[in-house]
Amino acid sequence: MTTIPPARRAAAEPSPRTPLPAGNPGNDTAPVPGPRTAGAVPSPPTPAEDTAADAPLLPAQGVRTGPLPPLPPLDLHGTAPVLDAVTAEPPAPLPDLAVLRALVRDAARRAAALLQGHVPEAHDSVTDVVRFTVGSGGAHLEAAAAHLGLTPLRMRQLTAAYHHGGPHGAAVCLSPRPADPAVLAGAEASVRPLRPFPGTPVELRPDRLVDPSAGVELRHGPDGRWYPYADRHGVRQPVAGPHRDPARAYKAARLAVRQHR
């Protein structure tokens, strides 16, 4: 056996591997630093330099500056074009296409009124259905009556009451509220000189004043107005002319009675 001298043995054995710097896996060669000035220590980049380096380059030409052009005027009246193009009936439980178009027209009218500064009166769910029926010209009266569980005749009364007195008029027609007895007595005193048959009695009910001989009825509303009703074929119908003065409401009811004869 040949013996290797110690000097040659040290040259033949591999030297321990230098540890790899972090961030360079698999690289057996340590990075070679570039030339530097003696004694100078490199400073890390500032955040501004990093941001500037990472920011995308934006084109300097073709970018609009200044105020944006005005938007075209909104046409909130009529049926929306998207519904004009629809011909098939929507699936249940949606309403039919005619009702959907009416709802769009109604929403457009209300939005236009809001944009013009008109604040609508408060409506509950019932009076809002009545409002929609009046706005659609009565085309959906039977469907609205079925929705509210009313007869078509009763629904016509409600639409007439809304037409003459708004949501308060419809509320008075549907469910009158009791009035203060002193208010009722004052109303009776106001209409007494106007009665065609002063010798006949006047009925003072908790929520209304009734003059049967004249075919006139006045209902007191939650807004403080008196809503006139006129006798037509034995049925008291709401008529135009609600007023806070019961005498003026009585005259309106008397006028409606004479015009109907």
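Reader: Is glutamate 217 buried or exposed?

Author: This is a predicted model. Buried means under 20% relative accessible area. Glutamate 217 has a relative accessible area of 2%, so this residue is buried.

Reader: Which side chains make polar contacts with the side chain of glutamate 217?

Author: One is the side chain of arginine 208, at 3.0 Å. Another is the side chain of arginine 236, with a polar contact of 3.0 Å. Beyond four places in sequence, the residues in contact with glutamate 217 include Leu209, Val210, Tyr227, Pro228 and Tyr229.

Reader: In which strand is glutamate 217 found, and what is the order of the strands in the sheet?

Author: Strands of a sheet pair through backbone hydrogen bonds, either parallel or antiparallel. Glutamate 217 is found in strand E3, residues 216-220. The sheet is open and antiparallel, with its five strands in the order E1-E2-E3-E4-E5. E1 (203-205) and E5 (235-238) are at the edges with a single partner strand each, so one side of each has no neighbour in the sheet. Four bridges join E2 to E3; leucine 209 has leucine 218 in E3 as its bridge partner.

Reader: Which strands does helix H7 lie across, and which does H8?

Author: Helix H7 (residues 152-174) lies across E3, E4 and E5, at about 145 degrees to E4. H8 lies across E1, E2, E3 and E4, at about 30 degrees to E2.

Reader: What covers the buried residues of H9?

Author: An α-helix has 3.6 residues a turn, so residues three or four places apart point the same way. The buried residues of H9 include Ala249, Tyr250, Ala253 and Val257. Among the elements covering the buried residues of H9 are helix H8 and strands E2, E3 and E4.

Methods: Residues are numbered from 1 along each chain as its sequence is written. This is a predicted model: local features need pLDDT of at least 70, side-chain atom pairs count only at pLDDT 80 or more; totals for chains, interfaces and linings use all residues. Side-chain values use heavy atoms; hydrogens and water are left out. Helices (H or I, at least four residues) and strands (E, at least two) are DSSP runs, numbered from the N terminus. Buried means under 20% relative accessible area, exposed over 50%, partly exposed in between (1.4 Å probe, protein chains only). A polar contact is a pair of N or O atoms within 3.5 Å; within protein, one must be able to donate a hydrogen and the other to accept it, and residues adjacent in sequence count only if both atoms are side-chain atoms. Contact means heavy atoms within 4.5 Å. Two strands pair if DSSP finds at least two bridges between them. Axes are lines fitted to C-alpha atoms, for helices over the stretch in contact, and angles run from 0 to 180 degrees between N-to-C directions.
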